[in-house]
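Subject: Structure handover

Hello,

Here is the structure for you to look over. My notes on it follow below.

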Amino acid sequence: MLKGGDPAPAVTARNQHGETVSLDFDDPTVVFFYPKDFTGGCTIEATEFQAALPEFREVGIGVYGVSMDGVESHAEFADEEGIIFDLLADPDGDLADAFGLATDDGHTDRRTFVVADGEVVAVYDPELDDPSGHAREVLRDTRNEFVRGG
C-alpha cells in the first residue's frame, strides 16, 4: 500500500456519469476507497464526504470516491444518496492496485489517501463498519495542511 511520500499513481477511470476522469494530483485531492455501494459503512462515508464537500471545495481540495462497483451502480448510488462528487468505477481493480490495495472478493478495504504535488501526503484507515466522523477528520487535517490559517 502506498504511504506518505510515495509518488502518486496516474489515475484514469469512468465516473458515475460514464465520463472519463483523469487525475494529475497536482492540487490537494482526497481519494477514498470504499468496499461497496449501498452498504451501511460505505453509505455513511460517502454521504459524510458529500456533506463536507462545500468546505473541501472552498479551500480547493478535490474529493473522489472509488470502489470496484461499475458505472451503473455508482450512478444509482449517487442518485439515491445525493452525491455530486465523482465516484470512480474500478471494476477490474486497476485503481486499487495502483494504490497498493488488495481486491479480494471483488472489493477493497476502506482507505483514504490525501495526495498533492504528485505525491501521497497522508493515508487513513477508517473503521470498516462505522466510519462516522472520518470525512470531518480528513477535512480538518487537509485544511490544516494546505490552507494558511487552517
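Two strands count as paired if DSSP finds at least two bridges between them. Keep that in mind for the first item. Note too that this is a predicted model.

**The hairpin**

Strand 1 and strand 2 form a hairpin, with 5 residues between them. They pair in the antiparallel sense, over 4 bridges. Gly18 sits in the turn and has a positive phi of about 80°. Thr12 is placed opposite Ser22 of strand 2. Side chains alternate along strand 1, which covers residues 11–14. Val11 and Ala13 point to one face and are buried.

**Helix 1**

Helix 1 has 19 residues. From first C-alpha to last it reaches 28 Å, close to the 27 Å expected at 1.5 Å a residue. There is a kink, though: about 50° at Ala52, shortly before the proline Pro54. Just after the helix, Gly60 takes a positive phi of about 80°.

Several residues of helix 1 are buried, including Cys42, Glu45, Phe49, Gln50 and Phe56. What covers the buried residues of helix 1? Strand 3, strand 4, helix 2, strand 6 and helix 4 are among the elements that do.

**The cores**

The largest nonpolar core has 21 residues. Val30, Phe49, Phe56, Val63 and Phe85 have the most contacts inside it. Strand 3, helix 1, helix 2 and helix 4 each give two or more residues to this core. Helix 1 supplies the largest share, 6 residues.

Leaving aside neighbours within four places in sequence, Phe49 touches Val30, Phe32, Phe56, Val63, Phe85, His134, Ala135 and Val138. A second, separate core has 18 residues, among them Val31, Ala96, Phe99 and Phe113.

**Aromatic pairs**

The structure holds 10 aromatic pairs. Two are set out here.

Phe25 and Phe99: the ring centres are 6.3 Å apart and the planes stand at 90°, so the pair is edge-to-face. Phe25 lies in the loop between strand 2 and strand 3, and Phe99 in the loop between helix 3 and strand 6, so the pair ties together parts that are 74 residues apart in sequence. Both Phe25 and Phe99 are buried.

Phe32 and Phe85: here the centres are 5.8 Å apart and the planes stand at 70°, so this pair is edge-to-face. Phe32 belongs to strand 3 and Phe85 to the loop between helix 2 and strand 5, so parts 53 residues apart in sequence are tied together. Phe32 and Phe85 are buried.

Phe32 and Phe85 are also members of one aromatic cluster, with Tyr34, Phe38, Phe49, Phe56 and Phe77.

Two loop residues deserve a look. Phe25 has phi near 60°, a positive value in a residue other than glycine. Asp105 has a positive phi of about 60°, and it is not a glycine either. Asp105 lies in the loop between helix 3 and strand 6.

Are these two buried or exposed? Phe25 has 1% relative accessibility, so it counts as buried, the cut-off being under 20%. Asp105 has 75%, so it counts as exposed, the cut-off being over 50%.

Best regards

Terms used: Residues are numbered from 1 along each chain as its sequence is written. Side-chain values use heavy atoms; hydrogens and water are left out. A nonpolar core is a set of buried Ala, Val, Leu, Ile, Met, Phe, Trp, Tyr and Cys residues joined through side-chain atoms within 4.5 Å. Buried means under 20% relative accessible area, exposed over 50%, partly exposed in between (1.4 Å probe, protein chains only). Contact means heavy atoms within 4.5 Å. The expected span of a helix is 1.5 Å times one less than its number of residues. The bend at a residue is the angle between axes fitted to the seven residues ending there and the seven starting there. Rings of Phe, Tyr and Trp (its six-membered ring) pair if their centres lie within 6.5 Å; planes under 30 degrees apart count as stacked, over 60 as edge-to-face and the rest as tilted.
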